[in-house]
Every structure is written in C-alpha cells, then in structure tokens.
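Welcome! Take a moment to turn the model around on your screen, and then let us walk through it together.

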Amino acid sequence: MTASKQQFLDNPLGQKTSLEDVLDAFEFLDDWEDRYAFIIDLGKQLPEFPDEARTEENYVHGCQSQVWVIHQYDEDSGKLFLLIDSDAMIVRGLAAIILVALNAKSPRELLATDIDELFEQLDLMRHISPTRGNGLRAMVSKIRDIAATEAAA
C-alpha cells in the first residue's frame, strides 16, 4: 500500500506550518545550535512515510543520507502534495523546510518559488556541510522534476 490521499493532505508542512513560521523562528533563534535543534524538531513533523514507497523510483540520488520523495497531484485543487523521508534526523529537518516552502502548491507555483533565495535568507548553505548542501539541492531538483511533469500533463 502506498500513501493515502489523506496522508498527503494531513501533512502540516506547507499548510499548518508555514514559511513565515520558519523564518520567524530563525530570526528569533540567533544561535546556530538552537537553529539546528529547531530544524530537527521540524523534521519530527514529517508524516509517516510508507515503507513500500522506499523504492529506487522514489529515491533521491545525490544525498549523503537515504532520502525518498513521493507525491500526489490533486486535480480538484490543482495542488501538488509531497511526502519526504530520510534516515537522518538533520536531513529530515532540511526536508521539512523544503516542504514548508513547496508543499501544497500548484506545480507552476512550485516551479516559480525561488528556493535558493529561501536558503540564502536562512543562511543554510553556510551552516551545513557541502554534501548536505548537495543533498538539499538534489531533493529540490527531484521535486522540481515532479512539478514540471505535472505542469506539462
């Protein structure tokens, strides 16, 4: 069994937990140790990811950790819903930040989102390892590919 429509819709990231929430927290937390703790806590909001979706097709290549992405396009709302999982806590948190920015948007809105600007605002790339940065970009690239495919359909 794969993720149900309800699992996608119940994902709080990008819906209940907004980009504003993350930006406000980063502004409030001026110490990077506290920010890392916040990122890890954010990752704990990721919904359960179905074991059967941990396939090669859903695997994100280019990440140091194991990462999987699945999606569901809701024709009624025109929105793309995403689920991400990783075996590493910090990567789960980074994935949560990506979901806050990109989940529950139309494919065109998602493609128009300047995720690099967000990473710059959060100063993420200076505070994560180069391999984590490459993994972050790989997750975004896979999600953009999904959105491009849905936008073209």
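Helices (H or I, at least four residues) and strands (E, at least two) are DSSP runs, numbered from the N terminus.

Before going on, please note that this is a predicted model, in which local features need pLDDT of at least 70 and side-chain atom pairs count only at pLDDT 80 or more, while totals for chains, interfaces and linings use all residues. Residues are numbered from 1 along each chain as its sequence is written, and side-chain values use heavy atoms, with hydrogens and water left out.

Let us step back to the whole chain. The protein chain has eight helices and two strands, and from the N terminus on they run α-α-α-β-β-α-α-α-α-α. The radius of gyration of the protein chain, taken over C-alpha atoms, is 14 Å, close to the 15 Å that the globule rule (2.2 Å times the number of residues to the power 0.38) gives for 153 residues, so the chain is as compact as a globular protein of that length. Of those 153 residues, 48% count as buried. Among contacts with a separation of 6 or more, 65% are between residues 24 or more positions apart.

For a view inside, find Val69 in strand E1, residues 67–74. Is Val69 buried or exposed? With a relative accessible area of 1%, Val69 is buried. Not counting residues up to four places away in sequence, Val69 touches Phe49, Asn58, Val60, Leu83, Ile84, Lys142, Ile143 and Ile146. Val69 and Leu82 are 13 residues apart in sequence, and their C-alpha atoms are 7.1 Å apart in space.

Next comes Arg132, in helix H8 (residues 130–152). Arg132 counts as partly exposed, at 22% relative accessibility. Leaving aside neighbours within four places in sequence, Arg132 is in contact with Gln64, Ser65, Ile90, Val91 and Leu94. From Arg132 to Ala153, 21 residues along the chain, the C-alpha atoms are separated by 32 Å.

Finally, visit two loops. Most residues other than glycine have a negative phi. Ala104, however, has a positive phi, near 65 degrees. Ala104 is in the loop between H4 and helix H5 (107–112), and is buried, with a relative accessible area of 11%. Asp123 also is not a glycine, and has a positive phi of about 60 degrees. Its place is in the loop between H6 and helix H7 (124–127), where Asp123 is partly exposed, with a relative accessible area of 23%.

Terms used:
Buried < 20%, exposed > 50% of the residue type's maximum accessible area, 1.4 Å probe, protein only. Contact = heavy atoms within 4.5 Å.
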